[in-house]
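Here is a quick tour for anyone meeting this structure for the first time. Have a look at the model, then read on.

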Amino acid sequence: MATGMLHSHTLFVVLFTLIYLIKTILLLSDKEELLEKFKKKTKVAEMIVSFGFLATGVFLITQVPEINKFMIIKLVLVFLSIPLAVVGFKKKNKILATLSFFFIVVSFSLAYKSKGAKAGEKIVAVNGKEIFTDKCALCHGDNGKLGLSGAKDLSVTQLPHAGIVEIIANGKNTMAAYKDALTAEQIEAVASYIETDLKGK
Ligand code: HEC
C-alpha cells in the first residue's frame, strides 16, 4: 500500500511539475493568450494533481519513522513555492513564477538525495542482489564462489534458511556480523538471494 502510494506521489509530482513547467515557459515567452488557454484547459486537472500531490505527500510523511532535515527543507520549499506561484501567475510576474518553479525542482531533487524522505525507502522492497554485490561479493565473489580469506563457497552451502540468516546476522570467524549494518528485512532478502540465485549454480 505504501509502495503504491509512493508511486502515486511520484506520478503526481511529475504531472504537477510538468504543468508548472509549461505554464512557466509560456509566461516567460510572453505567450499570454496561450497561457490563459492552457490555464483554463488544465484547471480541473491541476486541482486534482495538486490535491493528489499534497495528500499522498502527507500520507507518506506519516509513514516515515523520523523526519530529517532534508524533508523539512523540502516541505518548506514546496509550501513556499505555492503562494509564489499563485501570486506569480496572477500578476504575471516572471521572477516569482520562475522562483516558484525553481523551488519545486530543488525540492524534487532533494527527495532523491534524502534518505528518509524517500518515505518508501524502508517500505520499498529491498533488493538482495544489490546488498550482496555491495557487502558480500568482496569475499564471496559475485557468484558466491570466490572464497577470499576463507569465505565459504555459497553455491554449495548446505545450510538451511535459518542457518544462513543466523550467520549473516551474527557472523562467523572472519566474517563480520551484519545485524547492525542490515535490517532484518535486508538480511532476509540477501539470504533468499543466496538460496535462489547462487546455490546450486
Ligand atoms: C570479510 C569477508 C566476508 C564478507 C564481506 C562476507 N563473508 Fe560470508 N563468510 C566469510 C567467511 C570467512 C565464511 C566462513 C566462516 C566459517 O565457517 O568459518 C563465511 C560464511 C558465510 C556463510 C555460511 C556458508 C556456509 O555454507 O557455511 C554465509 C551464508 C555467508 N557467509 C553469507 C554472507 C553474506 C550474505 C555476506 C554479506 C552480507 C557475507 N557473507 C559477507 C567471509 C565473508
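Let's start with one residue. This is a predicted model, and in it V190 touches G128, I131, F132, C136 and I168, leaving aside residues up to four places away in sequence.

V190 is also among the residues with the most contacts inside the largest nonpolar core, which has 17 residues. F132, I168, L182, I187, I194 and L198 are the others named for their contacts there. Helices α5 (128–140), α6 (161–170) and α7 (184–198) each give two or more residues to this core. The largest share, six residues, is from α7. Apart from this core lies another one, made of 16 residues, including F16, F53, A85 and A97. In soluble globular proteins, nonpolar side chains tend to be buried together.

Now for the metal. Which residues coordinate the iron atom of the ligand? They are H140, through NE2, and M175, through SD, at 2.0 to 2.1 Å. The iron atom has six donor atoms around it, and because their angles run from 84 to 179 degrees, the arrangement is octahedral.

How do the two residues compare in accessibility?

| Residue | Relative accessible area | Class |
|---|---|---|
| H140 | 9% | buried |
| M175 | 25% | partly exposed |

H140 counts as buried because its 9% is under the 20% cut-off. M175, at 25%, is partly exposed.

Note on methods:
Residues numbered from 1 in each chain as written. Predicted model: local features only at pLDDT ≥ 70, side-chain atom pairs only at ≥ 80, totals over all residues. Heavy atoms only, no water. Core = buried A, V, L, I, M, F, W, Y, C linked by side-chain atoms within 4.5 Å. Buried < 20%, exposed > 50% of the residue type's maximum accessible area, 1.4 Å probe, protein only. Helix = DSSP H or I, 4+ residues; strand = E, 2+ residues; numbered from the N terminus. Contact = heavy atoms within 4.5 Å. Donors = N, O, S within 2.8 Å, 3.2 Å for Na, K, Ca; no water. Tetrahedral: all angles 85-135°; square planar, octahedral: opposite > 155°, others 65-115°.
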